[in-house]
Amino acid sequence: MFCLLCNSEEKLYDGLCKECFLKEFELVEVPEYATFTVCSHCGATLKHDKWVQTGYYDDEIINDAIQKDIEINPKLLNPVIETQITNNRGTVYDCILHVSGNIIGEPIEKKYPIEVKVEKGVCSDCSKFYSGYYEAVIQLRADDRKLEESEIEEADLFISNEIQRISKTNKLAYVTERIVLKEGIDYEVGSYNAAHKIAINMQKQFGGHITESRKIVGHDKSKSKDLYRSWLSVRLPSFHRNDFIEYDNKILEIKKIGSHKFVGRNIHTYEDESISWKEYDKIKKIATQNDIRQTTITNITPTDIQVLDPDNYDTVDLKKHESMERFNIGEEINVIKIKDRTYILI
């Protein structure tokens with residue numbers, strides 16, 4: 001038997017001598033071109049069936065695009081494929097495939113030119129964003145009062161900064177819509193995790209308390225699970241700093257509002273008391289900082305301070321506290337009248 005190409009009488013492989021067989025043997029079947037997909041909105045790349053933010057098209061992505069479209073000859077043993085990018089023409093990459101392996105006991109290596117084209121698509125996160133998808137609603141409210149414009153402005157800025165920070169690692173950290181309601185402001189947030197972090201941080205910043213509820217809004221057949229939407233209500237307290245509350249039969253002037261508790265000064269004993277937000281339902285606001293009045297000291301004794309009633313200018317004798325030693329006759333001081341009783345504020 002003779003080699004079909006060179007008429008050699010050597011051992012034949014599929015009708016060819018070894019030299020001709022190795023020369024004619026195709027290690028891989030290469031398509032006209034290969035493709036990979038890039039999100040036209042954010043630039044994420046579809047890699048291993050997942051969208052990733054690469055920032056650039058690396059060798060691995062291009063190699064993956066090629067290998068998913070080529071077929072390796074089943075006779076090739078121990079195949080190794082390496083991709084060399086030789087040129088970039090906008091959305092087209094010129095590449096050389098270096099393919100090696102073993103066949104009929106001989107090492108073999110060949111080069112194959114191939115184009116890799118970039119195709120535009122839309123990643124799942126951008127698809128959700130542009131369709132108005134959201135998983136949670138942050139509800140900003142205030143107890144027993146309307147939200148003040150300054151509170152709304154501060155909340156808007158706070159949420160904007162939080163979204164900017166969280167979106168660096170969570171692409172669903174966005175606000176699809178800000179809705180102004182009679183009772184407050186609603187912020188529709190793409191990601192529940194982002195909304196939960198923002199609500200917790202808002203409570204730390206502004207005080208108050210958080211309640212959460214959720215309901216089923218659909219079903220994901222591909223994952224066989226229900227889809228939920230959550231409502232996170234951030235309720236600001238009914239009082240502000242320097243307002244007055246009644247708690248446990250005591251009257252306190254609010255001095256500090258924190259994430260886990262707030263601090264009030266007992267206007268009878270002038271001692272500070274810390275109260276957990278868990279006790280919030282036991283509190284009643286009875287006066288605001290706008291109710292604070294100014295009056296004049298008319299007399300000072302070792303045990304009392306005499307002031308003018310801010311309403312009728314009658315003299316009122318009040319118990320002197322050690323912190324009032326710095327007061328002088330004729331000095332103007334702040335007082336509050338609650339339940340027809342006057343208290344000196346320090």
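Axes are lines fitted to C-alpha atoms, for helices over the stretch in contact, and angles run from 0 to 180 degrees between N-to-C directions. Helices (H or I, at least four residues) and strands (E, at least two) are DSSP runs, numbered from the N terminus. The model is predicted: local features need pLDDT of at least 70, side-chain atom pairs count only at pLDDT 80 or more, and totals for chains, interfaces and linings use all residues. Residues are numbered from 1 along each chain as its sequence is written, and side-chain values use heavy atoms, with hydrogens and water left out.

**Exercise 1.** Describe how helix α4 packs with helix α5.

*Solution.*
- Step 1: α4 covers residues 149-166 and α5 covers residues 192-206; their axes lie 10 Å apart, at an angle of about 135°.
- Step 2: Angles under 35 degrees count as roughly parallel, over 145 as roughly antiparallel, 65 to 115 as roughly perpendicular and the rest as oblique. α4 is therefore oblique to α5.
- Step 3: Look at who touches whom, where contact means heavy atoms within 4.5 Å. Among the residues making it are Phe158 and Ile159 of α4, and Ile198 and Met202 of α5.

**Exercise 2.** Is Ala136 buried or exposed, and which residues is it in contact with?

*Solution.*
- Step 1: Find Ala136 in strand β11 (residues 136-142).
- Step 2: Buried means under 20% relative accessible area, exposed over 50%, partly exposed in between (1.4 Å probe, protein chains only). Ala136 has 0% relative accessibility, so it counts as buried.
- Step 3: Leaving aside neighbours within four places in sequence, Ala136 is in contact with Tyr187, Glu188, Val189, Tyr192, Ala195, Arg229 and Ser230.

**Exercise 3.** Work out the strand order of the five-stranded open sheet and find its edges.

*Solution.*
- Step 1: Two strands pair if DSSP finds at least two bridges between them. The order is β23-β22-β21-β24-β25, with antiparallel pairing.
- Step 2: β23 (315-319) and β25 (341-344) each have a single partner strand, so they stand at the edges.
- Step 3: Zoom in on one pair: three bridges join β21 (residues 293-300) to β22 (residues 304-308). Asn299 has Gln306 of β22 as its bridge partner.

**Exercise 4.** Which members of the largest nonpolar core touch the most other members?

*Solution.*
- Step 1: A nonpolar core is a set of buried Ala, Val, Leu, Ile, Met, Phe, Trp, Tyr and Cys residues joined through side-chain atoms within 4.5 Å.
- Step 2: Of its 30 residues, the answer is Phe36, Ile66, Leu97, Val99 and Val116.
- Step 3: Apart from this core lies another, of 24 residues, including Ile138 and Ala195.
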